[in-house]
Amino acid sequence: MTCLLISSGNGPGECQQATGHVLARMKEEAVDLGVTLDLVCRGGRNGPVSAVAVLSGARADDLAARWTGSLLWRCPSALRPRHKRKTWFVQVFRLPDAARGAAIDPRAVEMVAIRAGGPGGQHQNKTSSAIRARWGEYAVVVRAERSQHQNRRLALARLQALADADAAEAQATRDGQAHWLHHQVQRGDPVRVFDGPGFVERGPR
């Protein structure tokens, strides 16, 4: 599994909006690459202030590499129409995997069986083998296996991965390894650039 932190830093509401766009686009690319993406978000007034993402699957590292670094959104502010600034930044970086979050007691996890849906044809929808699991602020939907028992076990693993990634962010901040991540988001040399309200990807200028 690969863990990322997506942060708007101390940026204004427009940067929170940019973070929301990034997460939506990241979800789309995860589907295209067959990568499982689990998120826990820290909400702000105008969008997510930050999010921890856990990527799993054969191409998880490919997806992480596409997003890691400084991201630029060029768009006039919809929150402050007369504001001159039109560039808003989001930072994405990998989290260390050494930290361990709170151990999850399976008995404390709310699990609900749902119809599998997704790829696999019409017959997949006839059984409630998929699992929606929630533990505190963490939630996942697992439909990878045909067996409900296997999906329950995988759900616990993915919830634990989210808790661990969250702990890794907190540990990095305490250790001073990531002090610039939330407070000094890089505003130069973006790895990806997006334009306008539609968040259309462009090449850097």
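A residue is called buried when its relative accessible area is under 20%, exposed when it is over 50%, and partly exposed in between, with a 1.4 Å probe and protein chains only. By this criterion, buried residues make up 46% of the 205 residues in the protein. The model is predicted, so that local features need a pLDDT of at least 70 and side-chain atom pairs count only at pLDDT 80 or more, whereas totals for chains, interfaces and linings use all residues. Residues are numbered from 1 along each chain as its sequence is written, and side-chain values use heavy atoms, with hydrogens and water left out.

The predictor's confidence in each residue, pLDDT, runs from 0 to 100; its average over the protein is 83, and 83% of the residues score at least 70. Residues 119-125 stay under 50, and for this stretch the model has eight contacts beyond four places in sequence, a contact being heavy atoms within 4.5 Å.

Helices (H or I, at least four residues) and strands (E, at least two) are taken as DSSP runs and numbered from the N terminus. There are four helices and 10 strands, arranged along the sequence as β-α-β-β-α-β-β-β-β-β-α-α-β-β. Among contacts with a separation of 6 or more, 62% are between residues 24 or more positions apart.

A nonpolar core is a set of buried Ala, Val, Leu, Ile, Met, Phe, Trp, Tyr and Cys residues joined through side-chain atoms within 4.5 Å. In the largest one, of 26 residues, Ile6, Val22, Leu55 and Trp67 touch the most other members. H1 gives the largest share of this core, six residues. Apart from it lies another core, of 22 residues, among them Val52, Val140, Leu159 and Leu162.

| Residue | Contacts within 4.5 Å |
|---|---|
| Tryptophan 67 | Val22, Arg25, Met26, Glu29, Val92, Val191, Arg192 and Phe194 |
| Leucine 63 | Met26, Glu29, Ala30, Leu33, Val35 and Leu55 |

Leucine 63 is found in helix H2 and counts as buried because its relative accessibility is 0%. Although leucine 63 and threonine 2 are 61 residues apart in sequence, their C-alpha atoms are 9.5 Å apart in space.

Strands are said to pair if DSSP finds at least two bridges between them. Strand E9 (residues 192-195) is joined to E4 by four bridges, the two running parallel, and to strand E10 (residues 200-202) by three bridges, in antiparallel fashion. Arg192 and Phe194 point one way from E9, while Val193 and Asp195 point the other way, and all are buried. E9 and E10 form a hairpin with four residues between them, and glycine 196 in the turn has a positive phi of about 75 degrees.

Arginine 74, in strand E4 (residues 69-74), counts as buried because its relative accessibility is 14%. Its bridge partner in E9 is aspartate 195, whose own partner in E10 is valine 200. The side chains of arginine 74 and aspartate 195 also make a polar contact at 2.7 Å, the term meaning a pair of N or O atoms within 3.5 Å, of which, within protein, one must be able to donate a hydrogen and the other to accept it, with residues adjacent in sequence counting only if both atoms are side-chain atoms.
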